[in-house]
Amino acid sequence: MRITIFGTGYVGLVTGTCLAEVGNHVVCVDVDEAKIACLQRGEVPFFEPGLAALIRRNSAEGRLRFTTEAAEGVAHGRLQFIAVGTPPAEDGSADLGHVLAVAQSIAEHMADPKIVVNKSTVPVGSADRVRACISAELQRRGADIDFDVVSNPEFLKEGAAVDDFMKPDRVIVGTGRQASAELLRQLYAPFNRNHDRLIMMDVRSAELTKYAANAMLATKISFMNELANIADRVDADIERVRIGIGADPRIGYDFIYPGAGYGGSCFPKDVKALVRTAYDMDYAPQLLQAVEDVNERQQGYLYSRIQAHFAGELAGLTFALWGLAFKPNTEDMREAPSRRLIESLWAAGASVRAFDPKAAGEARRIYGERSDLVLCSKLEDALDGADALVIVTEWNVFRSPDFESMRTRLKRPVIFDGRNLYEPRPVAALGFTYYAVGRPLDS
Ligand code: NAD
């Protein structure tokens, strides 16, 4: 099939590349000229495991092309995917500006029937807005061309995006038209051979399914963080509690890790947008509001522990930070808990020596060169002369460190672990003061 993808971010680039990998001819369009130039040179603008090799192979074999020309993209594909960002607006709602700009471009250039497939995460009713936008432009042009707008929300996870796309848990397709449903079924057939993972539904339900999934996952995290805060106060160990509750198959072990709060480009904005949708419909979403409030508080957890330990005297201190990305296996720092922590430490007059296996470049892009941020290329180097170590992201490489060497490199043997990577008692036995989330110091 001939496919066009608007947006070459995590979702668009992975979607386009994986669709090319199974034999489709794909054109990816982006308004970011630097990004497209980089892709045309065979370079990948961000780190995502396995993606670079796929892009190079499919580009070399002529199935994957990149352009900034919307007209070229619109002319190419019967299927026109929208995979652009939907950042939060002032009031928390999803900003549809980029989505509608793409709809407008499609409508301006289309000369034959199209199926517009929306992969961006958008509030219920957005397909109607895309449809209205295209109809209005076609009417203005005096063009009578058939089109459909399908909802096909994406569930890939950064850090495992290629695998998730190739072997999806499910593919949600929302459409009221049989012909569109059939075409999407054909498109996803190569990813659907093991068993039928395609779930067809109406457009609005498909749009809401994406928010429901992210809100449920965010709820699990906030629930565990709430429990961890209670464990802290009653001297119980949240890690034992986690293992105890996960054994119940109705609860399960997945996604019930306490930590430094959720971040990233999806959970914070999607929970906010769903809350906004509910209020707009005169419904007070108490649970979702609490999920967000708990997370907001949890993102301050490590900092308040640090403040308590140093009795509020942070000026002039240096903190080693392990982990900048919002989660492992990505360089993405959007709404990462590390950012809030770094900024709080700076505001208190402290400085930071940070190590992250992938996100140093992103941190440099966000913060520029500054004397109170040293980005280290080795994890040990971040420790040199620091007054404490703070672990913010659970990269594998942090799981089994050389504690002896850590103790000699740190000025003071103090660890604030926002991801519960170690067992408190053995670490304390090595001479560290070890703070974890929801765990007594000597558990
Ligand atoms: P991103 O910010 O990484 O990339 C968006 C891209 O769209 C950028 O390269 C931008 O230049 C481009 N763009 C903006 N306007 C454009 C236009 N008019 N024409 C062409 N390109 C344009 O975004 P992302 O992380 O890939 O997310 C895209 C959407 O998918 C969002 O709605 C997001 O919520 C959703 N989503 C993201 C993930 C994820 O893990 N990142 C997972 C599932 C769903």
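Here is a short chat about a predicted model and some of its helices, loops and packing.

Modeller: Residues are numbered from 1 along each chain as its sequence is written. The model is predicted, with local features needing pLDDT of at least 70 and side-chain atom pairs pLDDT 80 or more, while totals for chains, interfaces and linings use all residues.

Colleague: Within what arc do the buried residues of α14 fall, seen down its axis?

Modeller: Helices here are DSSP runs of H or I with at least four residues, and strands are runs of E with at least two, numbered from the N terminus. Buried means 20 or more other C-beta atoms within 10 Å of a residue's own, exposed means 12 or fewer, partly exposed is in between, and C-beta atoms are placed from the backbone. In α14 (337-347), the buried ones are P337, S338, L341, I342 and L345. They line one face of the helix, because the directions from the helix axis to their C-beta atoms fall within an arc of 125°.

Colleague: What about the ligand: which residues come nearest?

Modeller: A residue counts as near if its C-beta atom, placed from the backbone, lies within 6 Å of the molecule. Both α1 (10-21) and α5 (97-109) supply at least two residues of the shell. Of the 26 residues around the ligand, the nearest are G7, G9, V11, S120 and T121.

Colleague: UniProt lists F255 under "binding site". Is F255 buried, exposed or partly exposed?

Modeller: That listing is from an unreviewed UniProt entry, and such annotations may be inferred rather than shown by experiment, with positions in the numbering used here and feature names shortened. F255 sits in the loop between α10 (238-246) and α11 (267-280). Beyond four places in sequence, F255 contacts L217, K220 and I221. Having 13 C-beta neighbours inside 10 Å, F255 is therefore partly exposed.

Notes
Contact = placed C-beta atoms within 7 Å.
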